[in-house]
Each structure stands twice: as structure tokens, then as C-alpha cells.
Amino acid sequence: MGATGDDIPWQRRRSSESTSGDIGGADADAGDSGRHAGLRSYLGFVGTFKGSVVLVVACFVVSNVALVVLPVFIGRFVQALAGMADSTDGVYRYAAILIGCNILHDLTWRAAEILYLRLLNDRGYEYENILFRRVINERYPYFVGKFTGKISSYIWAVGP
């Protein structure tokens, strides 16, 4: 292998004749729009409960923002401690802000975890059930009654 990494197969090369297993292959439905059909299908499924997703993500974002601003307030707290001869108001103010940010982070993170468990945790299993029902009904004579890996090759059938 060369130092430039020329020997590394970064992309899978496909022959133009073979489209078996390709999402946008010749055996795809007319309604299938090609690449990333699985991702579009999953995003379409997530769109059915996007309010719950937005709520959970917003809680996690607020929690993380409370952590992101901590270094700024820690720096100002240290500066206030260094100039403590002038007044202690700044020290108490930044101490209260730091405590408030930590409390805000803790409460919103726990709320987001609870919301995730109640609103989104079981949704992944619902999607798997939808995929299984759509794929298991496909006809393929060799695999009838054998339940083997052919399911993965029918994933292109799951359209939006």
C-alpha cells in the first residue's frame, strides 16, 4: 500500500450490467426515485411524529447550550475574583449564573431523557415492524419458507 493511500478502495465499483441490490436498479418500482430511498423512507416515517422529535431535540439543545456558555462565565468569574478589591457583587453574580447554568443543564437534560423515553423510544421498533411487513410479503421462490438474508435486498421496495 502506498503512502498516498491509492490502494484503498474508497468507492465500490459496480459493473453497468449488474443492478442487483442497487436501490435505483432496473428492477426498482417506477415510484422509487433512486438513491437514498431508505433514508427518505425513514425521514418520511419520522415526519409522522415530528412534533415529538422537535420537543426532545429542543430540550437537549437547551441543556447543551447551558453547558456551552459555562467557560465564558467561568472566565468572568475568575476575572471578578482577581479584581475582588473593588466589589464582590460581580463574584456573587457570576457564581449565581454558574450555579443556574448547572441547574438548568441538569433539569433540561433529565427532562429530555424522560421525554425521549416516553415519546420516541418505541418508534424505532415501529419502523422495523413496518419494514418487516413490507419486505416479508415480497415473492422470491428460492427463499420461500427459508427466511434468509434476501430481506435486505428488498429494502428498495420501501418507498416514501
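User: Over which ring does the charged end of Arg-123 sit, and how far is it from the centre of that ring?

Analyst: In this predicted model, the charged end of Arg-123 sits over the ring of Phe-49, at 4.4 Å from the ring's centre. Another such case involves Arg-93, whose charged end sits over the ring of Tyr-94, 5.3 Å from the centre.

User: What does Arg-123 form with Glu-126?

Analyst: Arg-123 forms a salt bridge with Glu-126, and the closest N and O atoms of the two are 4.0 Å apart. Both belong to helix α5 (residues 123-136), where being three residues apart separates them by about one helical turn. Arg-123 counts as partly exposed at 26% relative accessibility, and Glu-126 is likewise partly exposed, with a relative accessible area of 35%.

User: Why does a spacing of three or four places matter in a helix?

Analyst: The general idea is that an α-helix has 3.6 residues a turn, so residues three or four places apart point the same way. A search of the whole structure finds two salt bridges, and the one between the side chains of Arg-110 and Asp-106, with 2.9 Å from N to O, also illustrates this spacing.

User: How should I read a pair of aromatic rings, and how many aromatic pairs does the structure hold?

Analyst: A pair of aromatic rings is described by the distance of the centres and the angle of the planes. The structure holds six aromatic pairs. In one of them, the rings of Tyr-42 and Phe-45 have centres 6.4 Å apart and planes at 40 degrees, and therefore the pair is tilted.

User: Where do Tyr-42 and Phe-45 lie, and is Phe-45 buried or exposed?

Analyst: Tyr-42 and Phe-45 lie in helix α1 (residues 37-46), and because they are three residues apart, about one helical turn separates them. Tyr-42 counts as partly exposed, at 36% relative accessibility, whereas Phe-45 is buried, its relative accessible area being 11%. Phe-45 also pairs with Phe-49, and here the arrangement is edge-to-face, with 5.3 Å from centre to centre and 75 degrees between the planes. Phe-49 is buried, as Phe-45 is. Ring pairs join Tyr-42, Phe-45, Phe-49 and Tyr-127 into a cluster.

User: How can I check the length of a helix such as α2, and how far apart are its end C-alpha atoms?

Analyst: Helix α2 (residues 50-68) has 19 residues, which at 1.5 Å a residue should span 27 Å, and its end C-alpha atoms are 26 Å apart, which agrees.

User: Which residues of α2 are buried, and what do the buried residues pack against?

Analyst: The buried residues in α2 are Ser-52, Val-56, Cys-59, Ser-63 and Ala-66. They lie on the same side of α2, because the arc they cover around the axis is only 90 degrees. The buried residues of α2 pack against α3 (70-82) and α4.

User: Which exposed residues are carried by the face of α2 turned away from its buried side?

Analyst: That face of α2 carries the exposed residues Lys-50, Gly-51, Val-54 and Val-68.

Key: Residues numbered from 1 in each chain as written. Predicted model: local features only at pLDDT ≥ 70, side-chain atom pairs only at ≥ 80, totals over all residues. Heavy atoms only, no water. Phe/Tyr/Trp six-rings, centres within 6.5 Å; stacked < 30°, edge-to-face > 60°. Helix = DSSP H or I, 4+ residues; strand = E, 2+ residues; numbered from the N terminus. Buried < 20%, exposed > 50% of the residue type's maximum accessible area, 1.4 Å probe, protein only. Lys NZ or Arg CZ within 6 Å of the ring centre and 35° of its normal. Expected span 1.5 Å × (residues − 1). Arc of directions from axis to C-beta. Contact = heavy atoms within 4.5 Å.
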